[in-house]
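Here's a quick tour of the model for anyone about to set up a calculation on it.

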Amino acid sequence: MLYINCPHCGLRSQNEFAYGGDATVKRPELNKEISDQEWDNFVYLRKSPRGKHLELWHHISGCRQWIKVERDTSTHEIFKTYTANEAIE
Ligand SMILES: [Zn+2]
């Protein structure tokens, strides 16, 4: 069982959250012409990294806010959590 430190609510059980995928994927710029392949890559193509990874999680049974979680995918260690729009260095 993971415990995730929601930046809005504090430490909570993983059961209160829904996984939202890779937080590093950038949506193509609005009104910019892109190929079908680029759009397809944005929608469907995801990496499955081993190690440190930045993820989106939705605190669905809590504050209902999206947050970013820096987690090791092999050990499940959580290094840090961020609000959804927080700048990450
Ligand atoms: Zn929360």
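The protein carries 12 positive and 13 negative side chains, and the centres of the two sets sit 4 Å apart. Lys and Arg count as positive, Asp and Glu as negative, with His and the chain ends left out; each charge is placed at NZ of Lys, CZ of Arg, CG of Asp or CD of Glu.

Keep in mind that this is a predicted model, with local features needing pLDDT of at least 70 and side-chain atom pairs pLDDT 80 or more, while totals for chains, interfaces and linings use all residues. Residues are numbered from 1 along each chain as its sequence is written, and side-chain values use heavy atoms, without hydrogens or water.

The fold has 1 helix and 6 strands, in the order β-β-β-α-β-β-β from the N terminus. These are DSSP runs (H or I, at least four residues, for helices; E, at least two, for strands). The C-alpha trace spans about 45 × 25 × 25 Å along its principal axes. Of the 89 residues, 29% are buried, meaning under 20% relative accessible area with a 1.4 Å probe, protein chains only.

Strand β5 (residues 66-72) is mostly covered, with 6 of its 7 residues buried. It pairs on two sides of the list below (pairing takes at least two DSSP bridges):

| Pair | Bridges | Direction |
|---|---|---|
| β4 (residues 52-58) and β5 | 7 bridges | antiparallel |
| β5 and β6 (residues 78-83) | 5 bridges | antiparallel |

W57 stands opposite I67 in β5, and R71 faces I78 in β6. The β5–β6 hairpin has 5 residues between its strands, and H76 there takes a positive phi near 70°.

Key:
Buried means under 20% relative accessible area, exposed over 50%, partly exposed in between (1.4 Å probe, protein chains only).
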